[in-house]
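Have the structure open while you read.

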Amino acid sequence: IFSSRFYLEAAPVLTCVTFSVFLPKGVWGWRFPVLNTMNKLYIGNLSEEASPLELESIFEEWKIPVSGPFLVKTGYAFVDCPDEKMAMKAIDILSGKVELHGKLLEVEHSVPKRQRSCKLLIRNIPPHMQWEVLDGLLAQYGSVESCEQVNTDTETAVVNVKYAAKDQARQAMEKLNGFLMENYALKVSYIPDETAVQDPPPLAGRRGFVPRGPPRQGSPGAGPGMRPKLQSDVPLRMLVPTQFVGAIIGKEGATIRNITKQTQSKIDIHRKENAGAAEKPITVHSTPEGCSSACRTILEIMQKEALDTKFTEEIPLKILAHNNFVGRLIGKEGRNLKKIEQDTETKITISPLQDLTLYNPERTITVKGSIEACGRAEEEVMKKIRESYDNDVAAMNLQSNLIPGLNLNALGLFPSSAPGMPPSMMGGPPPGAQASYPSFGQQPESETVHLFIPALAVGAIIGKQGQHIKQLSRFAGASIKIAPADGPDAKQRMVIIAGPPEAQFKAQGRIFGKLKEENFFGPKEEVKLEAHIKVPSYAAGRVIGKGGKTVNELQNLTSAEVVVPRDQTPDENDQVIVKITGHFYASQLAQRKIQEILSQVKRQQKPVPGVQPALRRK
């Protein structure tokens with residue numbers, strides 16, 4: 001569960017003893033507490049033939065003691081263990097692994113609805129899971145207030161997580177339970193809130209009957225299809241010929257209302273976009289299944305309208321997707337796309353990179369085949385795109401923890417999920433798009449980073465008549481300049497970027513992306529660039545650390561190469577250079593960590609007598 005630098009060998013924990021490991025700011029402190037009294041178990045997915053004697057026999061066979069009788073209902077049962085350790089043992093050994101009358105038992109903590117709190121127990125975490133990956137995954141569902149590792153005998157890791165609000169914990173519970181990570185299915189359950197007040201009696205109903213919320217999994221009426229499905233964060237975006245828009249809407253909107261009702265979707269037809277264009281975009285907000293159903297219905301309507309109007313041209317399915325996802329959709333040497341074509345018996349083409357602009361980063365995926373084949377292809381294409389989006393969100397949430405107040409929606413690195421809005425800056429960035437930091441009486445301090453790019457890429461970054469670099473500067477809210485070449489044979493050029501942390505993130509992210517799009521790096525090659533940060537000479541030692549300890553920790557934590565060249569002569573401002581080399585996220589993480597070190601050094605500097613110290617970002 002720890003990165004290699006912070007891996008700890010867990011020692012046995014004595015009764016009533018808790019010890020903590022304090023890690024650098026921005027990284028959670030993990031604690032190994034004595035387990036609480038969560039000893040009540042719920043046993044689901046029971047056969048109707050199951051008896052208390054059979055359950056007792058299973059628990060005895062696996063040497064799991066119980067402190068009371070098994071209370072067996074139709075399809076589920078309850079039992080108490082002597083302590084939480086035995087309850088955890090039962091969950092780890094029995095849940096999803098032991099059968100009774102041909103059905104796998106589901107064992108979890110028994111938590112009444114009134115006691116469901118902001119705290120979750122997450123089990124079966126891969127033993128070598130990287131810290132940053134878990135951090136980013138948990139942060140997708142809300143603000144994580146604490147995360148404590150539980151000391152167990154299992155090979156996989158177990159953690160207690162506390163979210164800031166109950167609805168965040170509920171969403172994490174729904175999304176993460178059964179979530180596959182490195183072939184390990186996560187198991188999530190509530191940690192009961194023992195201080196929760198009793199539920200008030202119902203206003204109506206049978207005497208003596210107190211509802212306990214929706215039925216549990218495995219209890220009567222709680223089949224797998226009963227759980228409500230959540231709307232996807234990535235809507236389906238389609239392009240349809242303008243002449244078919246009227247048929248899709250129908251008389252007085254009847255057809256589109258019918259589609260919306262049948263597929264449980266929200267459908268936006270952007271008729272006013274691109275006036276006079278031959279095609280119009282449609283955005284479908286729903287579950288993945290709802291999006292696919294709406295897609296098939298729209299294709300069928302267009303096919304019928306084409307027959308009625310004797311429209312002879314083929315009507316392909318056209319999907320709009322943000323360019324950031326297209327590379328992963330295509331796959332190495334086009335393998336992913338070829339597999340989708342073969343599996344669905346379709347022909348798929350993707351619009352060229354040259355059609356992109358800074359403010360329209362979508363590419364058109366054209367699918368040709370029968371309606372049924374196109375429907376299957378849409379499912380596979382959108383599945384890949386949603387996977388890419390989820391991975392990017394996890395990585396971005398890690399960055400937002402490192403950059404206070406980072407406005408993810410303003411970055412334009414992947415589509416916005418705001419209802420009714422087309423993805424990612426279709427209408428350009430908001431006026432004066434600046435970093436959205438909490439107010440501390442002034443804007444965040446500006447930073448200067450020197451980013452080194454291939455000399456041949458300068459034209460692509462500048463653009464025709466300087467248009468691209470101007471647009472990029474406005475979008476990021478940063479000053480971006482290309483330094484003169486060191487000589488006629490220079491293989492690299494320096495890009496000078498000045499602006500606050502969020503502006504740095506946006507500007508550097510777009511430069512990394514542009515170099516990949518323009519094929520300055522091979523299809524299998526990761527974009528790695530060198531960045532220089534100038535630090536006060538008196539702070540260089542703090543960046544290096546005693547015996548190089550700090551710089552080694554930085555490299556292990558960020559996966560970037562961090563070097564403070566020896567025997568540097570400070571410049572006229574008494575500053576020296578720190579070199580950072582790595583892919584985009586690694587470089588950003590290292591830059592933020594170094595800036596944190598510099599902030600600590602500055603705070604420790606004594607103020608000059610008679611001079612009012614400047615306010616700094618906390």
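Predicted model: local features only at pLDDT ≥ 70, side-chain atom pairs only at ≥ 80, totals over all residues.

## Surface and overall make-up

The chain has 618 residues, and 46% of them are buried.

As for secondary structure, you can count 16 helices and 26 strands in the protein chain. Now think about contacts between residues with a separation of 6 or more: 70% of these in the protein chain link residues 24 or more positions apart.

## Where α8 meets α9

Let's zoom in on a pair of helices. Helix α8 covers residues 323–330 and helix α9 covers residues 335–344; their axes come within 5 Å and cross at roughly 70°. Angles from 65 to 115 degrees count as roughly perpendicular, so that makes α8 roughly perpendicular to α9.

Who does the touching here? On the α8 side you'll find Arg328, Leu329 and Ile330, and they meet Arg335, Asn336, Leu337 and Ile340 of α9. Sort the residues of this contact by class and you get 4 nonpolar, 1 polar and 2 charged.

## Where α12 meets α13

From α12, the residues His468, Leu472, Phe475 and Ala476 meet a set in α13 made up of Ala503, Lys506, Ala507, Arg510, Ile511 and Lys514. The contact of α12 with α13 has 6 nonpolar residues, along with 1 polar and 3 charged.

## Where α13 meets α16

Helix α13 (residues 501–517) also pairs up with helix α16 (residues 584–604): their axes come within 10 Å and cross at roughly 155°. An angle over 145 degrees counts as roughly antiparallel, which means α13 is roughly antiparallel to α16. The crossing of α13 and α16 is right-handed.

On the α13 side, the contact is made by Pro501, Gln504, Phe505, Gln508, Gly509 and Phe512, while α16 brings in Phe584, Tyr585, Ser587, Gln588, Gln591 and Arg592. How do the residues of the contact of α13 with α16 divide by class? There are 5 nonpolar, 6 polar and 1 charged.

How values were computed: Residues numbered from 1 in each chain as written. Heavy atoms only, no water. Axes fitted to C-alpha atoms, helices over the stretch in contact; angles between N-to-C directions. Helix = DSSP H or I, 4+ residues; strand = E, 2+ residues; numbered from the N terminus. Parallel < 35°, antiparallel > 145°, perpendicular 65-115°, else oblique. Left-handed = near helix turned anticlockwise from the far one by under 90°. Contact = heavy atoms within 4.5 Å. Nonpolar A, V, L, I, M, F, W, Y, C, P; charged D, E, K, R; others polar. Buried < 20%, exposed > 50% of the residue type's maximum accessible area, 1.4 Å probe, protein only.
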